[in-house]
Amino acid sequence: MRGSVRESATTIGLSVAAGAAAVAGLMFGRKAATVAKVGKGHPLKHRALDLAAGAMQPKYPLAAMTTYLNGFHMYADEMGRQVEASHFCIHLRHDLHQCVIFDRNAPDARLIGIEYIISEERFRGLPEDEKRLWHSHHYEVKSGILTAPGIPDMAEHAYFEDLVTTYGKTFHTWQYDRDDFPYGIPQLMMGLTEDGQADEALLHSRDHRLGVSTPHKRQNRADIPMPDVAPGANSWESGRTVRTRLEETDFKR
């Protein structure tokens, strides 16, 4: 009897180990395929180094990114320049998310910016000049424009119940709507705040590609209360805005 138990335990252990090895092998295979696709045309030495690094080095900040959000940003000084933004975020503290932003969710996506997302309470405590850099998320959430692709409606709804009251500070480092190279300095970005502002062609293209429906998202979130926007956010709505610029200064030693 004891021998049978030991044999069963050994069999289970071997099965688990084999399963874990299979999963690890599958993950490595996917990583290798991704590196091969992205590295096509690179020197063999670089491809080999990339593959080895991908297999051996832990990337803890990247592994901690838990949420994928897709939405649109506009340049802080020009509403007509709107771009799609794929966010990958970690809930770093109870009142702070941090996100890296790519032009799309693909292995060869271009890194185009960053966004910090904070609670309304934290936003209200910011200095007035700092508030001018932040935008609200109330309309992006309620309109359905901001979405979490692949998440069931019920789970997404619960997530956006919290996000609707938050504020974001976003800088894009690659003006990919103009150049296929990251020229220039980081650009301050803002979010849409009411109907009639969105580039409908961009929105329809995004919905078709990701298999989502902005009107459906909007209807599903109708019961989420619309918050009042805290004073100081969305500064461009006043008709005046801020943007970054290069400035020459003395070097300090």
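Setting aside neighbours within four places in sequence, serine 86 is in contact with Tyr68, Leu69, Asn70, Val100, Ile101, Phe102, Asp103, Arg104 and Asn105. The model is predicted.

**Serine 86**

- Serine 86 belongs to strand β2, which covers residues 78–93.
- Its relative accessible area is 0%, so serine 86 counts as buried, the cut-off being under 20%.
- Among the contacts of serine 86 is Asn70, and the two side chains make a polar contact at 3.4 Å.

**Nonpolar cores**

- The largest nonpolar core has 12 residues: Phe72, Met74, Ala76, Tyr139, Ile145, Leu188, Met190, Leu192, Ala198, Leu203, Trp236 and Val242.
- Two strands, β1 (67–75) and β7 (187–190), each supply at least two residues of this core.
- Another core, of 11 residues, lies apart from it; Cys89, Ile117, Ala148 and Val164 are among its members.
- In soluble globular proteins, nonpolar side chains tend to be buried together.
- Methionine 190, one of the residues of the largest core, has contacts beyond four places in sequence with His73, Met74, Ala76, Arg132, Leu133, Trp134, His135, Ser235 and Trp236.

**Largest cavity**

- Across the whole structure, a search finds 2 cavities of 30 Å³ or more.
- The largest cavity holds about 50 Å³ of space.
- Its lining consists of Leu69, Gly71, Phe72, His73, His87, Glu115, Ile117, His137, Glu140, Leu146 and Leu163.
- By class, these lining residues are 5 nonpolar, 4 polar and 2 charged.
- β1 and β4 (111–118) each supply at least two residues of the lining, and β1 gives the most, with 4 residues.
- Phe72 is in the lining of this cavity and is also part of the largest nonpolar core.
- Ile117 lines the largest cavity and is a member of the 11-residue core.

**Second largest cavity**

- The second largest cavity has a volume of about 40 Å³.
- Glu120, Ser136, His137, His138, Val164, Thr165, Thr166, Tyr167, Pro227, Asp228 and Val229 line the second largest cavity.
- This lining divides into 4 nonpolar, 5 polar and 2 charged residues.

Terms used. Residues numbered from 1 in each chain as written. Predicted model: local features only at pLDDT ≥ 70, side-chain atom pairs only at ≥ 80, totals over all residues. Heavy atoms only, no water. Core = buried A, V, L, I, M, F, W, Y, C linked by side-chain atoms within 4.5 Å. Buried < 20%, exposed > 50% of the residue type's maximum accessible area, 1.4 Å probe, protein only. Contact = heavy atoms within 4.5 Å. Polar contact = N/O pair within 3.5 Å; in protein donor to acceptor, adjacent residues only side chain to side chain. 1 Å grid on protein atoms, 1.4 Å probe; cavity = no way out; pocket = protein on both sides within 12 Å on 5 of 7 lines; lining within 4 Å. Points joined across faces, edges and corners; volume = space filled by probe spheres on them. Nonpolar A, V, L, I, M, F, W, Y, C, P; charged D, E, K, R; others polar.
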